[in-house]
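Here is a short briefing to read alongside the model. Please keep the sequence and the 3D view open as you go.

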Amino acid sequence: MTLPSDDPFSLSRLFHLNSEPWLNEDAYRAGPYLQSFRSHPDAPRMPLPATAPLQVEALAAARRSVRAFRPDPMPLATLAALLRTGYGLTGPDPMEQGGRFLRRSVPSAGGTYPLDIYALVARVEGLTPGIYHFDAMGEALELLRAGAWRHEAAPVFYTWPYVVDAPVILCLVATFARTQSKYGPRGYRYILLEAGHAAQNLCLGAVELGLASLCMGGFRDTALNRMLGLPQPDQGVVYTLALGAAA
Ligand SMILES: Cc1cc2nc3c(=O)[nH]c(=O)nc-3n(C[C@H](O)[C@H](O)[C@H](O)COP(=O)(O)O)c2cc1C
């Protein structure tokens, strides 16, 4: 079944709104991770030569999901470095057409940059606890709502006990039309791919700063979007990450 190809939103909205977390406890009771690796035993094999580890390879090798954080406050400069690495501007580049194009720290389909980072701040030095938006252009954090948010977050995140002590949780928020008005239904895929790029930058940045991370896709969309005050369904959280020192 296909929808009209000139309808940019209906298909992805249908999927997005119908893919709240799926509680499949049997899959977790199954024990060890279910993994499979592909190989072609009959194909000619070319062993890979040894290589000196790349810097990024060392960071990637040191990254792991951490499920217990220390309740230490995070310096504001650390959060700033993470936000710049995750989705900051990386300087204007002259465009071929003669305009100016504000490049960011990740590749973006058509340079549409559909994401914004919202920060649930519990303990960051110099910041009132609350919910912030990272203004990438203005290089600032905007306090959207001061005060306690943890009581609301607890039922939102499926793995809340793992991140209860994290000083900050970042939410990658998509404004779907930024990319889908250009790429239609396929733009939805591009948005999710871009969120992966930003999340990986954040994870590797955390390793470089001696910090830990937990990427979380298990959150209740409607409740989290409401918590952030997002206009639904035009905007929505697509990925979340807890960051801080490992316990
Ligand atoms: C898209 C995505 C969603 C994830 N969601 C969760 C989550 O909600 N809670 C959690 O504890 N871990 C979550 N994880 C982390 C994975 O469980 C973890 O990456 C995996 O077990 C591999 O372990 P490693 O990250 O230590 O290499 C998620 C990972 C990805 C890529």
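Leaving aside its neighbours within four places in sequence, which residues is Arg 123 in contact with? The partners are Pro 71, Pro 73, Met 74 and Pro 167, where contact means that the C-beta atoms of two residues, placed from the backbone, lie within 7 Å. This is a predicted model, in which local features need pLDDT of at least 70 and side-chain atom pairs count only at pLDDT 80 or more, while totals for chains, interfaces and linings use all residues. Residues are numbered from 1 along each chain as its sequence is written. Helices (H or I, at least four residues) and strands (E, at least two) are DSSP runs, numbered from the N terminus.

**Around Arg 123**

- Arg 123 sits in the loop between β3 and β4.
- With 15 other C-beta atoms within 10 Å, Arg 123 is partly exposed; on this scale a residue is buried if 20 or more other C-beta atoms, placed from the backbone, lie within 10 Å of its own, exposed if 12 or fewer, and partly exposed in between.
- Asp 72 is 51 residues away from Arg 123 along the chain, yet their C-alpha atoms are separated by 7.3 Å.

**The sheet**

- Six strands make up an open, antiparallel sheet, in the order β5-β4-β3-β6-β8-β7; two strands pair if DSSP finds at least two bridges between them.
- At the edges are β5 (140-146) and β7 (212-216), each of which pairs on one side only.
- From one strand to the next, the twist averages 25 degrees, with axes taken as lines fitted to C-alpha atoms (for helices, over the stretch in contact) and angles running from 0 to 180 degrees between N-to-C directions.
- Strand β3 (residues 115-121) runs antiparallel to β6 (residues 168-175), and seven bridges join the two. Here Tyr 118 stands opposite Cys 171 of β6.
- Strand β4 (residues 130-135) is joined to β5 by six bridges, again antiparallel. Across this pair, Gly 130 faces Ala 146 in β5.

**Leu 241 in β8**

- Leu 241 belongs to strand β8 and is the bridge partner of Cys 215.
- Leu 241 counts as buried, since 23 other C-beta atoms lie within 10 Å.
- Beyond its neighbours within four places in sequence, Leu 241 has contacts that include Ile 169, Leu 170, Ala 199 and Leu 202. Ser 213, Leu 214, Cys 215 and Met 216 are also among its contacts.
- Leu 172 is 69 residues from Leu 241 in sequence and 8.4 Å from it in space, C-alpha to C-alpha.

**Helices α3 and α8**

- Helix α3 (residues 55-62) packs against α8 (residues 185-208) at an angle of about 90 degrees, and their axes are 9 Å apart.
- That angle makes α3 roughly perpendicular to α8; angles under 35 degrees count as roughly parallel, over 145 as roughly antiparallel, 65 to 115 as roughly perpendicular and the rest as oblique.
- Val 56, Leu 59, Ala 60 and Ala 62 of α3 meet Leu 204, Val 207 and Glu 208 of α8.
- The α3 and α8 contact has six nonpolar, no polar and one charged residues (Ala, Val, Leu, Ile, Met, Phe, Trp, Tyr, Cys and Pro count as nonpolar, Asp, Glu, Lys and Arg as charged, and the others, Gly among them, as polar).
- The 24 residues of α8 should span 34 Å at 1.5 Å a residue, which agrees with the 36 Å between its end C-alpha atoms; the expected span is 1.5 Å times one less than the number of residues.
- Buried residues of α8 include Tyr 188, Ile 191, Glu 194 and Leu 202.
- Just after α8, Gly 210 has a positive phi of about 75 degrees.

**Backbone points to check**

- Most residues other than glycine have a negative phi, and most peptide bonds are trans.
- Tyr 113, in the loop between β2 (100-104) and β3, has a positive phi of about 40 degrees. Tyr 113 counts as buried, with 20 C-beta neighbours inside 10 Å.
- Glu 139 has a positive phi near 50 degrees in the hairpin of β4 and β5, where four residues lie between the strands. Glu 139 counts as exposed, with 12 C-beta neighbours inside 10 Å.
- Gln 232 and Pro 233 are joined by a cis peptide bond with omega of about 5 degrees. Pro 233 is in the loop between α9 (221-227) and β8 (235-244).
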